[in-house]
Amino acid sequence: MRDLVEHIGLAQSTVSKHLSFLLECRLVDVRPDGRSSWYSLSEPAAISSLIAAAEELLEATGTKAELCAHLRDPERAGAEGGL
């Protein structure tokens with residue numbers, strides 16, 4: 001989690017709450033490794049499709065946006081160890 005806190009720039013308690021929510025919704029998986037935990041997307045292909053649909057909707061309403069470009073390739077997103 002320390003890496004996420006540093007990368008996102010939010011308080012540890014905030015990141016922890018968000019991760020708990022994502023785990024509860026089964027959007028991420030967690031793999032304990034000693035005193036560390038590794039988080040990954042549960043369904044990278046489905047999440048990539050959802051992001052693409054959101055981009056299409058935004059573009060249809062006149063807003064050009066590229067969301068989560070690092071998730072564009074679901075194979076790469078799953079192989080990189082996730083979040």
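How many helices and strands does the protein have? There are 4 helices and 2 strands, where helices (H or I, at least four residues) and strands (E, at least two) are DSSP runs numbered from the N terminus. Along the sequence they follow the pattern α-α-β-β-α-α. The model is predicted: local features need pLDDT of at least 70, side-chain atom pairs count only at pLDDT 80 or more, and totals for chains, interfaces and linings use all residues. Residues are numbered from 1 along each chain as its sequence is written, and side-chain values use heavy atoms, with hydrogens and water left out.

Confidence was examined through pLDDT, the predictor's confidence in each residue, from 0 to 100. The average is 85, and 84% of the residues score at least 70. Among the elements, β1 has the highest mean pLDDT (95). Helix α4 (residues 74-79) has the lowest, 53.

Strands β1 (residues 28-33) and β2 (residues 36-41) pair in the antiparallel sense over 6 bridges; pairing requires that DSSP find at least two bridges between two strands. R31 has W38 of β2 as its bridge partner. The hairpin has 2 residues between its strands, and G34 takes a positive phi near 65°.

Helix α2 covers residues 12-24. The expected span of a helix is 1.5 Å times one less than its number of residues. For the 13 residues of α2 this gives 18 Å, and the end C-alpha atoms are 18 Å apart, which agrees. R26 follows α2 and lies in the loop between α2 and β1. Its phi is positive, about 60°, although R26 is not a glycine. Most residues other than glycine have a negative phi. R26 is exposed, with a relative accessible area of 69%; exposed means over 50%, buried under 20%, and partly exposed in between (1.4 Å probe, protein chains only).

Of the 83 residues, 18% count as buried. The largest nonpolar core has 9 residues: L4, V5, V15, L19, V28, Y39, L41, I47 and I51. The elements giving two or more residues to this core are α1 (2-8), α2, β2 and α3 (44-60). A nonpolar core is a set of buried Ala, Val, Leu, Ile, Met, Phe, Trp, Tyr and Cys residues joined through side-chain atoms within 4.5 Å. Leaving aside neighbours within four places in sequence, V15 is in contact (heavy atoms within 4.5 Å) with M1, L4, V5 and L10. Among contacts between residues at least 6 apart in sequence, 31% join residues at least 24 apart.
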